[in-house]
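Biologist: I would like to learn how to read a model like this one. Can we go through it feature by feature?
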Amino acid sequence: TLYEFSSFTCGHCATFHTKIAPQLKENYINKGKLKLVFSDFPLGGLAGAASMLTRCIDKNQHESFVDTLMANQFKWARARNSKEMLNQYAYAAGMSEEQVKTCLGNKALLDGIMAERQKVINKYQIGGTPSFVVDNGKSKYDIIRGAVSYDLFAATIDKKLAELEAK
């Protein structure tokens, strides 16, 4: 399993999501060798709002909404009216204005996201994004931090797969 700890306003996170994750999908996930688990690690209020909206969106729209936010991050996350643009993406994905308002006002949801983030900090000593944990469930996990190449992911995943086959 590859655990991705990502912030919706992190440029390197968007690059991973749009450039490297598709290669991992093709070479590992679609072949049943790897599972990718996305985990929110918001850096700042705008990233927290995006994380909240991804949790409130209809479950059938979740993956495409995350993909849309990451693919268009440069447009909305750096715009003067970034919160308004973020909301527009939520509306386009099927949320009503009232649903967006209710979601973004849900303090318990935000507290839960931040509590999960703190658990990750405590467990893996992760302090920035993107960060990844590669875990085969049999040996000590590996951590990949920052903007790295597909080749580093492939080498780490291949090493973890080889460890499984050796046991």
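Predicted model: local features only at pLDDT ≥ 70, side-chain atom pairs only at ≥ 80, totals over all residues.

Biologist: Which residues of helix α5 are buried?

Modeller: Buried means under 20% relative accessible area. In α5 (residues 82–92), that holds for S82, L86, N87, Y89 and A90. They cover an arc of only 155 degrees around the axis, so they sit on the same side of α5.

Biologist: What covers the buried residues of α5?

Modeller: The cover includes α2, α3 (62–71), α4 (73–76) and α6.

Biologist: Now the cysteines. How many disulfides does the model have?

Modeller: The test is a pair of cysteine sulfur atoms within 2.5 Å. The count is 1 disulfide. C56 and C103 form it, with their sulfur atoms 2.1 Å apart. The link is right-handed, with 85 degrees about the S-S bond.

Biologist: Which parts of the chain does the pair tie together?

Modeller: C56 lies in helix α2 (residues 45–56) and C103 in helix α6 (residues 97–104), so the link joins parts that are 47 residues apart in sequence.

Biologist: Is C56 buried or partly exposed? And is C103 buried or exposed?

Modeller: C56 is partly exposed, at a relative accessible area of 31%. C103 is buried, at 3%. Look at two other cysteines as well. C10 counts as buried at 10% relative accessibility. C13 counts as buried at 0%.

Biologist: On to the sheet. What is the strand order?

Modeller: To read a sheet, follow the pairing from strand to strand. Here 4 strands make an open sheet in the order β2-β1-β3-β4, and the pairing is mixed. The edge strands, β2 (36–40) and β4 (142–145), each pair on one side only. Neighbouring strands are turned by 20 degrees against each other on average, direction ignored.

Biologist: How many bridges join β1 to β3?

Modeller: There are 4 bridges between β1 (residues 2–6) and β3 (residues 131–134), and the two strands run antiparallel. Take F5 as an example: its bridge partner in β3 is S131.

Biologist: Which helix lies across β1, β3 and β4?

Modeller: That is α8 (residues 150–166), which runs at about 175 degrees to β4. Pick out L161, which lies in α8. Setting aside neighbours within four places in sequence, L161 is in contact with Y28 and K33.

Biologist: Next, how many residues does helix α7 have, and what does it reach from end to end?

Modeller: Compare the span with the value expected at 1.5 Å a residue. Helix α7 (residues 107–124) has 18 residues. Its first and last C-alpha atoms are 26 Å apart, close to the 26 Å expected.

Biologist: Which residues of α7 are buried, and which are exposed?

Modeller: L109, I113, R117, V120 and Y124 are buried. Seen down the axis, they fall within an arc of 80 degrees, so they line one face of α7. K107, A108, K119 and N122 are exposed on the other side.

Biologist: What do the buried residues of α7 pack against?

Modeller: They pack against β1, β2, β3 and β4, and also against helices α2 and α6.

Conventions. Residues numbered from 1 in each chain as written. Heavy atoms only, no water. Buried < 20%, exposed > 50% of the residue type's maximum accessible area, 1.4 Å probe, protein only. Pairing = 2+ DSSP bridges. Axes fitted to C-alpha atoms, helices over the stretch in contact; angles between N-to-C directions. Contact = heavy atoms within 4.5 Å. Expected span 1.5 Å × (residues − 1). Arc of directions from axis to C-beta.
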